[in-house]
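Let's take a walk through this model, one stop at a time. Have the viewer open and follow along.

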Amino acid sequence: MQLVKIEDIRDAAERIRHAVVHTPLLPCPWADPDRPLWLKPESLQPIGAFKLRGATNAIARLSESARARGVVAYSSGNHAQAVAYAARAVGVKASIVMPDVTPQVKIDRTREYGAEVVLVPIAERESAAEEIVERTGAVLIPPFDHPDIIAGQGTAGLEIGTDLPDVELVLIPVSGGGLASGIGTAIRALCPNAAVFGVEPELAGDARESLLAGSLVDWPIEDRARTVADGLRSQPSELTFAHLRTVLDGIVTVGEDQIRSAMAVLARKGRLVVEPSGAVGLAAYLDHAAELPVGRTVVVVSGGNVDPALLADVLGQRDSGSRQ
């Protein structure tokens, strides 16, 4: 299995530079002085999440004949919006298969980006997308299981290595593994002395268990669906797991209350609106310091597409001590 290399990520960066924001590293004066902290706010991307990087790169790599047939994706969230946005930017037709239980605001936003939305029962997402591919000849843009997606996500790591070359620890959310695979590959190449850790919810800790076991471990979707971090309910593929085994020093898992608390800290102290999936890195920094190296730390904030009611609930909770 051929892994993505730093050259692939550099090529992707050149391909997507006009469409994707080079997000800043935000210093956190409220952080532990012994563990200086910077936030990488991918929530500031045009669609509110890092997924735009991979989708833009994958579509840019298509031939003219493939573009003419259109693209297909299945997603209920950030990947749906990323593919719709990236396709519209280059005049490519996009069909997005979404579960019929998807919040209307996400359906509306995906349609606003010009995509045709196909609603199906949640268990039929992949099969419905495959049917469209077979019927129309359109190209499937997967959420993480493709080298072009991994290379595109890795451009965030390229930016970290350029903006803070003496970084000592990078914390990255893990779900399907595309983001951690790409960023980890870039950091290993540019900052070889830095530690790279993935972070996932305890209730969806399949990637950590897989890493410890040395092979993929399957968790039922019913178990993974329990976490509030809805963007971290997927499992790594063979391709992304091969990358994770190569580029990660480990994976830390965080609790549900820790995720919610980190969301509140990011809103109140970081001035950032962040979805639960985007807050897990800070939760690890705040609550699992004993499991992590000490030093200059970058937390990747993967997205900010949070349900307003959930955000209101998180911010309405009584502060737990001085942290928030």
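What follows goes from the annotated domain to a helix pair, then to a helix and a few loop residues.

First, a caveat: this is a predicted model. For orientation, an unreviewed UniProt entry places the feature "domain: Tryptophan synthase beta chain-like PALP" at residues 18-303. In the model, that span is 44% helix and 16% strand, and its end C-alpha atoms lie 20 Å apart.

Now to a pair of helices. Two packed helices are described by the angle between their axes and the distance between the axes. Take α2 (51-60) and helix α4 (residues 78-89). Their axes come within 8 Å and cross at roughly 45 degrees. Angles under 35 degrees would count as roughly parallel and 65 to 115 as roughly perpendicular, so α2 and α4 are oblique to each other. The crossing, as α2 passes α4, is right-handed. If you want to see who does the touching, α2 brings Lys51, Leu52, Ala55, Thr56 and Ile59.

Is Ser43 buried or exposed? Its relative accessible area is 14%, under the 20% cut-off, so Ser43 counts as buried. Setting aside neighbours within four places in sequence, Ser43 is in contact with Gly48, Leu272, Val273, Val301, Gly303 and Gly304.

Some of those partners lead us to another part of the chain. Arg271 lies in the loop between α12 (256-268) and α13. Its phi is near 60 degrees, a positive value in a residue other than glycine. Arg271 has a relative accessible area of 63%, which is over 50% and therefore exposed.

Next comes α13 itself, residues 276-287. At 1.5 Å a residue, its 12 residues should span 16 Å, and the end C-alpha atoms are 15 Å apart, so the two agree. This helix is mostly covered, with 10 of its 12 residues buried. Among them are Pro276, Gly281 and Tyr285.

One last stop is Ala225, in the loop between α10 (221-224) and α11 (238-247). With a relative accessible area of 36%, Ala225 is partly exposed. Ala225 and Ala204 are 21 residues apart along the chain, and their C-alpha atoms are separated by 7.6 Å.

Key. Residues are numbered from 1 along each chain as its sequence is written. This is a predicted model: local features need pLDDT of at least 70, side-chain atom pairs count only at pLDDT 80 or more; totals for chains, interfaces and linings use all residues. Side-chain values use heavy atoms; hydrogens and water are left out. Helices (H or I, at least four residues) and strands (E, at least two) are DSSP runs, numbered from the N terminus. Buried means under 20% relative accessible area, exposed over 50%, partly exposed in between (1.4 Å probe, protein chains only). Contact means heavy atoms within 4.5 Å. The expected span of a helix is 1.5 Å times one less than its number of residues. UniProt positions are given in the numbering used here, feature names are shortened, and annotations may be inferred rather than shown by experiment. Axes are lines fitted to C-alpha atoms, for helices over the stretch in contact, and angles run from 0 to 180 degrees between N-to-C directions. Angles under 35 degrees count as roughly parallel, over 145 as roughly antiparallel, 65 to 115 as roughly perpendicular and the rest as oblique. A crossing is left-handed if the near helix is turned anticlockwise from the far one by less than a right angle, and right-handed if clockwise.
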